[in-house]
Amino acid sequence: MSLTIRMIGTGSAFAKKYFNNNALVDAAGGRLLIDCGVTAPHALHALRIPLDTLDAVLISHIHADHIGGLEELAFQLLYIHKRKIKLLIADTLVDVLWNHSLRGGLENREDGLAGLHDYFEVIPLQEGVPYSPFDGLRLKLLRTAHIPNKASYSILLGDSVFYSADARFDAGLLHSLHAQGVRHILHDCQLFSPGTVHASLDELLTLPEELQEKVLLMHYGDNMPEYMGRTGRMAFMEQGRVYPLN
Ligand SMILES: Nc1ccn([C@@H]2O[C@@H]3COP(=O)(O)O[C@H]3[C@H]2O)c(=O)n1
Ligand SMILES: [Zn+2]
Ligand SMILES: [Zn+2]
């Protein structure tokens, strides 16, 4: 069954040349948006992808480059497209997404709009428990380290694709994914060191070559072109390009 991923943006949180690092996953039975940052509505528009072609949106963690476009998505789905899509989100993040991020804009009790469920079909996910949002796609969340004491999740797509979202370098995890037969590792990459809250390019370059060959780099800064040819066996993902994941 065919599975593809297309980054609607490959930029870091502060990038201006690239949109936020958000991805479209297309499977036989539907289309998933992984993260919906501030720039996501603009990025989808630039690719001529209407919001109503989405079947589900998944949130990795609560940072604006990953959730900042959700208010527009919610309003457009409710008032323009008149349909709900699935919101896949770790059970630990449901309350914080509403009460600490979206409620100020989306709550309208006079119109009966009191929670995320009034805009989305909310699917709380437990870490490590597989879920299939539609035919041809099975995924699970893996809690990974990003900001100290802040819940943040990487994603396993099927058995063969690891998508870090925002995660610090974890050599042990990457070696174990490699040993398990994961074929593609899509990793955030901070071009300068120290990485602090992201994997840095220097850290990723310490991986053995056979592992680097599986790694595609994303979530990079505007000066990415200066680093072309300096990423070992790893390649930068290109914004807008469709990558087969089989
Ligand atoms: N301790 C921290 C926390 C945050 N940051 C920066 O803020 C950005 C928020 O979005 P991000 O994509 O997680 O990247 C974070 C860092 O650039 C950082 O550099 N150090
Ligand atoms: Zn980010
Ligand atoms: Zn982040």
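User: Hello! Between which helix and which strand does the loop with Arg48 lie?

Analyst: Happy to start there. This is a predicted model, in which local features need pLDDT of at least 70, side-chain atom pairs count only at pLDDT 80 or more, and totals for chains, interfaces and linings use all residues. Residues are numbered from 1 along each chain as its sequence is written, chains are lettered from A and ligands numbered from 1 in the order in which they are written, and side-chain values use heavy atoms, leaving out hydrogens and water. With helices (H or I, at least four residues) and strands (E, at least two) taken as DSSP runs numbered from the N terminus, the loop of Arg48 lies between helix H1 (40–46) and strand S4 (56–59).

User: Is Arg48 buried or exposed?

Analyst: Arg48 has a positive phi of about 55° although it is not a glycine. Buried means under 20% relative accessible area, exposed over 50% and partly exposed in between, using a 1.4 Å probe and protein chains only. At a relative accessible area of 76%, Arg48 is therefore exposed.

User: Which peptide bond is cis, with omega near 0°?

Analyst: Look at the loop between S11 and H6, where Pro194 has its place. Thr196 is found in that loop too, with a positive phi of about 60° although it is not a glycine. The cis bond, with omega near 0°, runs from Ser193 to Pro194.

User: In what order do the strands of the open sheet of 7 stand?

Analyst: Two strands count as paired if DSSP finds at least two bridges between them. The pairing here is mixed. S7 (131–134) and S13 (235–236) are the edges, each with a single partner strand, so one side of each has no neighbour in the sheet. The order is S7-S8-S9-S10-S11-S12-S13.

User: What angle does the direction of H5 make with that of S10?

Analyst: Helix H5 (residues 171–180) packs on the sheet and touches S8 (137–143), S9 (153–157), S10 (161–163) and S11, where contact means heavy atoms within 4.5 Å. Axes are lines fitted to C-alpha atoms, for helices over the stretch in contact, and angles between N-to-C directions run from 0 to 180 degrees. On that scale, the angle between H5 and S10 is about 160°.

User: How wide an arc do the buried residues of H5 cover?

Analyst: The buried residues of H5 are Leu173, Leu174 and Leu177. The arc is taken from the directions from the helix axis to the C-beta atoms. Those residues lie on the same side of H5 because their arc around the axis is only 95°.

User: Which residue in S3 is the bridge partner of Asp26?

Analyst: Strand S2 (residues 23–27) runs antiparallel to S3 (residues 30–34), with 5 bridges joining them, and a hairpin links S2 to S3 through 2 residues. S2 is also joined to S1 (residues 4–7), again antiparallel, over 4 bridges, and there Asp26 partners Thr4. In S3, the partner of Asp26 is Arg31.

User: How many disulfides are there?

Analyst: A disulfide is a pair of cysteine sulfur atoms within 2.5 Å. Two cysteines worth a look are Cys36, buried with a relative accessible area of 3%, and Cys189, buried at 1%. By the distance rule, the number of disulfides is 0.
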